[in-house]
Amino acid sequence: MHTFYGNPSIFVFLKIKTNMPNTISGFSKLSKSEKIEWLLNTYFTDKNSARTLVQQYWNSDDKLQKLHDEFIENTITNYYLPLGVAPNFLINETTYAIPMAIEESSVVAAASKAAKFWLDRGGFKAEVLSTEKIGQVHFIFKGDFNKLEEFFNLIKPKLISDTASMTKSMERRGGGILDIELRNKSEDLPNYYQLHATFETLDAMGANFINTCLEQFATTFKNEALQFEGFNDEERHITVVMSILSNYVPQCLVRAEVSCPIEDLKSKDILNPEEFAQKFKQAVTIAEIEPYRAVTHNKGIMNGIDAVVLATGNDFRAVEAGVHAYAAKDGSYSSLTHCSIDDGIFKFWIEIPLALGTVGGLTNLHPLVKFSLEMLQKPTAKDLMKIVAVAGLAQNFGAVKSLTTTGIQEGHMKMHLMNILNQFEATENEKVMLVEHFKTNVVTHSAVVEAIKNIRP
C-alpha cells in the first residue's frame, strides 16, 4: 500500500507496511508539517487539538525556529523546560548567579537557599584537580603479545604524526594528544586489546575531536600492521571493533567545598549548631556506606549539576554516566560528598569528574546557552567545572540540611503546591487564598484537593 502526503508537486510517496500497523518508511524525508500530519492521522483522535498544541510551542521567529529544528532529526516542535536562576553564589571570591534548566520543584529554591547560607560564611572554594579525557581503540589481535608490543612501540610516533592535521589547532591553544598506551585486556576477553589515549581539549568538551583522532589511530594501526615484518599472516590482520571516547573521566576532576567553625552554623532553623553538625555528618556517612541511600543522595547532587549542565549546552547524560561510575570506583556505590568535623571546624566537600565545554556544540548555537554563559561571566571550561561542582554541593547541602532538621517534604511540597493548583486550573484568586492557607498547613496532594473543594461553590 502506498500513501501520499503533502504537496503533489513534491511527489513524496511512503510505503506503509500493511502487515505492521503504524509503521512507515521514508519518515525522515517528509517536511515537518507532513510528519505532524502522519502522526496526527496515525495516533490521535482529536487531531485539531493535538495540532494546535504542537504549533503553540513553535517560535514566532522563523529563523530561530529553523535553528531549533536543525538541532536534531525529525523535529516537530520545541519542548520547554523552565530556565531558573540561583543567585548569591560566592565561589573563590567571585559572585555568580547560576542558570538552572530543570522541571523539578524546589531544586532552584534549595540551591538559592544554600548559596545565601554560605554567602555569609566564606562562600564556596573550588579547584580543578585535573583535566585529562580518555578515548580508546578497541581491537582484536590473535597472536604473540610481545610482537604486538614491539609493533606498538615502533608505530606510536606515526599514530601521533598521522593526526597532525587534526590536532594542529588544538595544539596551538595548548591542548592535544597527551599519550597513547597499549593495554592488554585478553584476560577479560580473549584476544582483546586497546589503544588507550589521553587528551587535553581545553575549553571544548572535545568529543568530536577525540573521536576523529581515534579513528585515524585505528586506520594507521591496521594499515601499518599489514606491513610489519614481525607479524605472521594472521597477526597482520588486526580487527578494529570500534573507536570511541569514554565518558568515564576519573582524571578530569574538580573539588568544591564549604567550611566554617561549628558555632557559625547557627541560623533560624539550626538552633543547636553542634547537634546539627553531628547529625549532618552522620547522614553523609550513611550515604557513604549504604548504596540504597547513596543513590538518592547522589540523585540530589545531580539535580543541581544536571540543571546547570543543561542550561550551558553540555551533555548531561555523559556527565551522569561518568559521575555514577566514579561513585562506584571503589567497588561499592557510595556518596559523592563527604563531611568532617575536626577541631571545631565543619567541612563539607565534593570531588567529582566533569568533562564540560564552553565552546563548540550548542554553546555556539543555542541563544539561551549563550545567554547562560554570559550570565556566568563567560567562563572557561575549568571555571564551568567549578561552578557546576558547587551547584551540586549546594543542592546536596540543602537536601541533607532539610532531612536532618525540618524534613524534606515541608519545603518540597510547598514549592510543589503551585503545580498541584495548576493541575486543577485554579484561578488567580484561588491561588492567593490557597498559598496563604498552606503557609500554616501541611501541603499534601489530598490536602490541596480538599482545600480547593472547600473554597469552590
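The secondary structure of the protein chain comes to 16 helices and 12 strands, in what is a predicted model. Along its principal axes, the C-alpha trace of the protein chain spans about 85 × 75 × 40 Å, and of its 457 residues 44% count as buried, where buried stands for under 20% relative accessible area. The accessible surface of the protein chain comes to about 24,000 Å², and carbon and sulfur atoms contribute 53% of that area. The protein chain carries 45 positive and 54 negative charges, whose mean positions are 5 Å apart. Among contacts in the protein chain with a separation of 6 or more, 69% are made by residues 24 or more positions apart.

With this overall picture in place, we can turn to a single sheet. Four strands form an open sheet in the order E7-E8-E6-E9, with antiparallel pairing. Its edges are strand E7 (176–184) and strand E9 (239–246), each of which pairs on one side only, and the twist from one strand to the next averages 15°.

Within this sheet, strand E6 (residues 133–140) and strand E8 (residues 192–200) pair in the antiparallel sense over eight bridges.

Which strands does helix H5 lie across? Helix H5, made up of residues 145–161, lies across E6, E7 and E8, and runs at about 170° to E7.

Note on methods:
Residues numbered from 1 in each chain as written. Predicted model: local features only at pLDDT ≥ 70, side-chain atom pairs only at ≥ 80, totals over all residues. Heavy atoms only, no water. Pairing = 2+ DSSP bridges. Helix = DSSP H or I, 4+ residues; strand = E, 2+ residues; numbered from the N terminus. Axes fitted to C-alpha atoms, helices over the stretch in contact; angles between N-to-C directions. Contact = heavy atoms within 4.5 Å. Buried < 20%, exposed > 50% of the residue type's maximum accessible area, 1.4 Å probe, protein only. Areas by Shrake-Rupley, 256 points an atom, 1.4 Å probe, with all protein chains shown as cover. Lys, Arg positive; Asp, Glu negative; His and termini not counted. Charge placed at Lys NZ, Arg CZ, Asp CG, Glu CD.
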